[in-house]
Amino acid sequence: MTGERNLAEIFRRLIATTGPISLAHYMAEANARYYAGADPLGAGGDFVTAPEISQLFGELIGVWLADMWLRAGSEVPVHYVELGPGRGTLARDALRAMKRFGLEPQVHLVETSAALRKLQLAAVPAAQFHPDLTNVPFEGPILLVANEFLDALPVRQLICTHGGWREVMVTVECGRFVGAPGSTPMDAALPEERRRQAEGTLIETSPAQAAIVHEVAGRLAEQGGAALFVDYGHVEPRNGSTFQAVRRHEKVDPFENPGTADLTAHVDFASLAQVAKARGARWLGTVSQGDWLRALGIEARSEALGRSAPQHREALDSAMHRLIEADQMGELFKVMALAAPGWPDGAGL
Ligand code: SAH
């Protein structure tokens, strides 16, 4: 890549002209560039996600949403909404499972990458596409899913310095990008109870994630429905940086070649639950992916599939274990469920 096409060059010029940029700015631009480029998913790509590992993941999400919808009164019209649907695999598997319960929602996929929209349309030909939630219909409940979507949204890092809290900015030193405290006081950006910390303490927040959950919760409160956010993250607030880059299944330096690796951060589910509740949605719980999938019967379902296709039994088993075992995705990944006021409790929570 050369000239304007090289994001590192653009950042370097911007920083030279106007000074350091925030880490959130760096992450947002780098990921927009990264996802616009090509399909990063799967064994031949940079990382593998749960729906690409096993069809059971999307199917159980579809079953969970169908169960919520049925118990809430089977209202129509009803909308399946997915944020950042990747290759469209989860949507395809979930919609197939929903159909068995008589649920055939309109399909709305929120995606900014043209390359991925193409794959999603092939997987779900009936889908309507949106760059954000703004034009998703307001009439009828929404059944919303976001898997590994929030972790791709920009985080802001605040660091406790001798002179108070500062935002982590990206600047250039000896030709390389580095993070460094900015000059503007940022104490007001932290809740009172988290401000007293030792010098050097770092706290991540994500206004972009909070904005999404705020909007979804508002939709649930106003039009009914339920939502599942699945991502890696923690249930209790934590200190320290989780900002990282992954390329070809390996962690790499997030400050090298921006736009060519997936930049992510762990999701702070505790704060997001607060946001959802404050906006009038029901928080049904946040549990580990392993516990949730087990509670929904993934083991029995995998066995049944194995019986009808014995030649695939081993592959089915190993895929399921990747999703649920504590040393694989089972513990680190969490499922947060929200619903409209008046909607029932969710299975497995
Ligand atoms: N959910 C999929 C893909 C996860 S990768 C799976 O589980 O396989 C992240 C997805 O979010 C990609 O589809 C990416 O293009 C999309 N995405 C990232 N940032 C986005 C944004 N700001 N708005 C909409 N989609 C975004």
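Which atom of the ligand does a polar side-chain atom of threonine 112 lie 3.4 Å from?

Reply: This is a predicted model, in which local features need pLDDT of at least 70 and side-chain atom pairs count only at pLDDT 80 or more, while totals for chains, interfaces and linings use all residues. Residues are numbered from 1 along each chain as its sequence is written, and side-chain values use heavy atoms, with hydrogens and water left out.

The atom is a nitrogen of the ligand: a polar side-chain atom of threonine 112 lies 3.4 Å from it. Asparagine 147 has a polar side-chain atom 2.7 Å from an oxygen atom of the ligand. Polar contacts here are pairs of N or O atoms within 3.5 Å. Of the 570 Å² of accessible area that the ligand has on its own, the protein covers 90% (Shrake-Rupley method, 1.4 Å probe).

Around the ligand there are 15 residues, and the closest are Thr49, Gly84, Gly86, Glu111 and Asn147; a residue counts if one of its heavy atoms lies within 4 Å. This shell divides into seven nonpolar, six polar and two charged residues. Asp, Glu, Lys and Arg count as charged; Ala, Val, Leu, Ile, Met, Phe, Trp, Tyr, Cys and Pro count as nonpolar; the others, Gly among them, count as polar.

Key:
A polar contact is a pair of N or O atoms within 3.5 Å; within protein, one must be able to donate a hydrogen and the other to accept it, and residues adjacent in sequence count only if both atoms are side-chain atoms.
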